[in-house]
Amino acid sequence: TKNSENEAKSNILVTVRVRPLNNKEKQYHEQENDELFPEVDTFNNLGQNNNTLGKKIINVIDRNILVFDPLNTNNKQLLFRIPSHNNRRNKDIRYAFDHVFDENSTQQEVFENTTKFLIDDVLNGYNATVFAYGATGCGKTYTITGTAEDPGIIPRTMDELFKKIEEYKDNKIIESSLSYLEVYNETIRDLLAPDNKTLTPLNLREDSNGVIVSGLSEHHPNNVEDVIKLLIKGNNNRTKAATEANIVSSRSHAVLQLRIKQREREANITTDYTSAVLSIIDLAGSERASVSKNQGERLVEGANINRSLLALGNCINALCTNSYHIPYRDSKLTRLLKFSLGGNCKVVMITNVSPSSLHYEETHNTLKYANRAKNI
Ligand code: ADP
Ligand code: MG
């Protein structure tokens with residue numbers, strides 16, 4: 001590939017997607033709140049019922065800017081209950097990102113503005129990485145995998161790739177293969193292994209071609225339906241665990257890698273293939289272990305998840321500030337992505353958040369993490 005770990009220049013695009021309110025949040029927002037804030041009516045004289053427990057705490061201004069915990073348009077405090085702060089002022093923090101997708105954004109819109117343009121880069125030999133970051137329930141899997149009715153980034157990427165292979169077939173030979181693994185508790189497992197081998201831990205090694213996961217199965221889907229079947233199988237194999245904070249909390253990082261080899265048809269038989277990898281990653285939930293009050297085993301897992309997310313954040317920040325040392329070795333995830341983050345690689349971060357005040361602290365932390373990942 002054309003990526004070199006020595007050229008520590010970052011090409012990171014940081015985006016945020018706000019998902020629609022879910023039913024639980026809607027119910028919470030509609031519950032009345034007289035006992036908690038008897039003063040709300042005098043404070044919030046908006047001529048509408050603001051006397052409720054929950055509020056939206058994200059205001060998308062345009063395709064680049066959002067405000068977290070905004071003042072209302074009359075510059076009055078929007079009061080709502082936040083677990084742990086009853087008396088508070090609005091933070092009213094303005095954040096700028098490369099792209100902000102509001103609640104009405106479509107899967108296609110997200111795909112076109114985060115991943116579609118990476119396919120040509122990968123065909124030209126450059127590694128690229130897309131990852132979804134955010135707390136459990138905020139829309140990472142919806143964005144990356146999607147549903148059968150409304151597919152997410154992976155099926156749309158494969159669809160586009162199949163079109164390119166068809167479009168270029170007279171001039172180029174393009175071969176693609178796909179693998180899907182999880183990093184759980186600093187252990188790598190093949191999500192698409194034959195049934196009797198799904199629990200086997202796999203080892204990482206590095207050679208002149210990059211990072212290799214020994215024994216990882218490779219797949220060659222021929223159409224989008226095949227891709228969706230593989231994703232459903234893989235996602236069912238992901239490790240999930242119930243925690244106090246969330247009924248189903250995904251604690252694993254799911255990494256899909258699409259390897260594309262490509263060569264001019266007319267070229268001399270000795271001409272090398274151009275080869276590169278597009279990694280599309282559904283990260284583990286970013287909620288902190290301390291929030292979930294976990295004990296024993298779960299706490300260790302939480303610490304490991306934080307280690308991988310922390311390591312990823314540290315690598316990205318080191319790349320953003322042109323540091324000499326990029327701490328890839330700090331976690332399995334960053335070792336795996338060693339040749340897919342720095343150099344000439346393009347990296348796209350999709351930050352998933354809920355707009356509800358129910359997740360006030362989590363959303364604030366998520367936006368801070370995303371903001372730190374921006375180029376300085
Ligand atoms: P995560 O993977 O971050 O834990 P999910 O992707 O599973 O979160 O999303 C949680 C729930 O919210 C799912 O039922 C999902 O279908 C729904 N959801 C997430 N994002 C959207 C969206 N943009 N539009 C509609 N539903 C969404
Ligand atoms: Mg998920």
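A residue is buried at under 20% relative accessible area, exposed at over 50%, and partly exposed in between, judged with a 1.4 Å probe and protein chains only. The model is predicted: local features need pLDDT of at least 70, side-chain atom pairs count only at pLDDT 80 or more, and totals for chains, interfaces and linings use all residues. Residues are numbered from 1 along each chain as its sequence is written, chains are lettered from A and ligands numbered from 1 in the order in which they are written, and side-chain values use heavy atoms, leaving out hydrogens and water.

**View 1. The shell around ligand 1.**
Arg17, Arg19 and Pro20 are among the residues around ligand 1. To be near the ligand, a residue needs a heavy atom within 4 Å of it. Helix 5 (residues 140-144) gives the largest share of this shell, with three residues. Helices (DSSP H or I runs of at least four residues) and strands (E runs of at least two) are numbered from the N terminus. The shell splits by class into four nonpolar, four polar and three charged residues. Here Ala, Val, Leu, Ile, Met, Phe, Trp, Tyr, Cys and Pro are nonpolar, Asp, Glu, Lys and Arg are charged, and the others, Gly among them, are polar.

**View 2. Backbone contacts to ligand 1.**
Look for oxygen atoms of ligand 1 beside the backbone. One is 2.6 Å from a polar backbone atom of Gly137. A backbone N or O atom of Tyr142 is 2.7 Å from a ligand 1 oxygen. For Cys138, the distance from a polar backbone atom to an oxygen of ligand 1 is 3.4 Å. A polar contact is a pair of N or O atoms within 3.5 Å; within protein, one must be able to donate a hydrogen and the other to accept it, and residues adjacent in sequence count only if both atoms are side-chain atoms. How much of ligand 1's accessible area does the protein cover? On its own, ligand 1 has 560 Å² of accessible area, and the protein covers 65% of that. Such areas come from the Shrake-Rupley method with a 1.4 Å probe; for residues, only the protein chains shown count as cover.

Helix 7 (residues 224-236) has 13 residues. Its first and last C-alpha atoms are 18 Å apart, close to the 18 Å expected at 1.5 Å a residue. The expected span is 1.5 Å times one less than the number of residues. Val224, Val227, Leu230, Leu231, Gly234 and Asn235 of helix 7 are buried. Why do they lie on the same side of helix 7? Because they cover an arc of only 125° around the axis. The arc is that of the directions from the helix axis to the C-beta atoms. An α-helix has 3.6 residues a turn, so residues three or four places apart point the same way. Glu225, Lys229 and Asn236 are exposed on the other side of helix 7. At the N-terminal end, Asn223 caps helix 7, with a side-chain oxygen 3.2 Å from the backbone nitrogen of Glu225.

In helix 1 (residues 23-30), Glu25, Tyr28 and His29 are buried. Seen down the axis, these buried residues fall within an arc of 100°, so they line one face of helix 1. On the other side, Asn23, Gln27 and Glu30 are exposed.

**View 3. Two residues with positive phi.**
Most residues other than glycine have a negative phi. Asp69 is not a glycine, yet its phi is positive, about 55°. Asp69 sits in the loop between strand 3 (65-68) and strand 4 (93-96). Is Asp69 buried or exposed? Asp69 is buried, at 0% relative accessible area. Glu186, also not a glycine, has a positive phi of about 60°. Its loop joins strand 7 (172-184) and strand 8 (187-190). Glu186 is buried, with a relative accessible area of 15%.

**View 4. Pairs separated along the chain.**
Glu182 is in strand 7 and is buried at 0%. Glu182 and Leu333 are 151 residues apart along the chain, and their C-alpha atoms are separated by 9.3 Å. Ala254, in strand 14 (residues 253-264), is buried at 0% relative accessibility. From Ala254 to Thr129, 125 residues away along the chain, the C-alpha separation is 13 Å.
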